[in-house]
Amino acid sequence: MEIIGVYNFKGGVGKTTTAINLAYRSSVEDWPTVLWDLDPQGAATYLLCGEPQATGAAKELIRGDRALRDVVVATAHERLDLIPADFSYRRMDVHLDKRHDATTLLLKLMRPLQARYASLVLDCPPGLSLVSENVMHASDALVVPLLPTPLSARMLEQLFEFIAARGWHDISVLPFFSMVDRRRALHKQTIEELRARFPSILATEVPYGSEYERMAARRAPIESYAPASAAAETYRALWREIDAKLTSRSAARSRTAAPAADVASASELVGSPWS
């Protein structure tokens, strides 16, 4: 199971829209996928027609009183399931802080899901917290929506510094520009400058437009109701770039992990979209 975290220090940059549309695209590719809505506001849960919970799940999950698979619910979309937001997630940092494995526990909770799913997408709340540290530590790819503004440069610098300071060198940080309006000179200038400074920024740009805002009214991934739209094609392109990065990463990891004779057999890799 590959884990894709969608994260930014700031809110209002398109994280939830990105997480939902990437999760849907993964499911359309025939990979069983689950989206975990870690934001207590529950926007991803709402957009997938789920019901945010108020069950105290954060404490139960962290204490081991409940398994993550037990809170999974189906969505209206084939091969796409949801772990709904819970209002108790607002105190998840408090519960994590009591643990000796405070920055790795969520990964331990996620691992049993690989028996059922090939992809796990994490919609992470904004801010820098123990929850976001867990997401960074767990993610094979950390997808970072960026507004084309000068403050995005500072955010990226801080993010790369934070990850490097913790020695998490195996994370693929994949920024991309979100809510782009190329009619604005500042957007064009910022995009040019940041691409020069950060070559890892993906080529796909998600423009600002009503098609993306309409998601909130339709409460569904864009491709599910407007597959021929420009917005749907944008997310297909974004998915292809992320897919290619994960495929390359997986191949490199396999080459360096063990001699050819010790590499896992094909049967052991079945179920992973990047095997």
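Helices (H or I, at least four residues) and strands (E, at least two) are DSSP runs, numbered from the N terminus. This is a predicted model, in which local features need pLDDT of at least 70 and side-chain atom pairs count only at pLDDT 80 or more, while totals for chains, interfaces and linings use all residues. Residues are numbered from 1 along each chain as its sequence is written, and side-chain values use heavy atoms, with hydrogens and water left out.

**View 1. Lys-59 and a positive surface patch.** Lys-59 lies in helix H3, which covers residues 57-63. Together with Arg-90, Arg-91 and Lys-98, Lys-59 forms a positive surface patch (residues with over 30% relative accessible area and no salt bridge, like charges being joined within 9 Å; a salt bridge is a side-chain nitrogen of Lys or Arg within 4 Å of a carboxyl oxygen of Asp or Glu). The relative accessible area of Lys-59 is 42%, so this residue is partly exposed (buried means under 20%, exposed over 50%, partly exposed in between, with a 1.4 Å probe and protein chains only).

**View 2. The aromatic pair Tyr-7 and Phe-9.** Five aromatic pairs are found in a search of the whole structure (rings of Phe, Tyr and Trp, the last by its six-membered ring, with centres within 6.5 Å; planes under 30 degrees apart count as stacked, over 60 as edge-to-face and the rest as tilted). The ring centres of Tyr-7 and Phe-9 are 5.7 Å apart and their planes stand at 75 degrees, so the pair is edge-to-face. Tyr-7 is buried at 0% relative accessibility, and Phe-9 is buried at 18%.

**View 3. The aromatic pair Tyr-212 and Tyr-235.** With ring centres 5.9 Å apart and planes at 70 degrees, Tyr-212 and Tyr-235 make an edge-to-face pair. This pair links distant parts of the chain, 23 residues apart, with Tyr-212 in helix H9 (residues 210-213) and Tyr-235 in helix H12 (residues 230-257). Both Tyr-212 and Tyr-235 are buried.

Methods. Patches are made of residues with over 30% relative accessible area and no salt bridge: like charges are joined within 9 Å, nonpolar side chains (Val, Leu, Ile, Met, Phe, Trp, Tyr) within 5 Å. Accessible areas come from the Shrake-Rupley method with a 1.4 Å probe; for residues, only the protein chains shown count as cover. Lys and Arg count as positive and Asp and Glu as negative; His and the chain ends are not counted. The place of a charge is taken as NZ of Lys, CZ of Arg, CG of Asp or CD of Glu.
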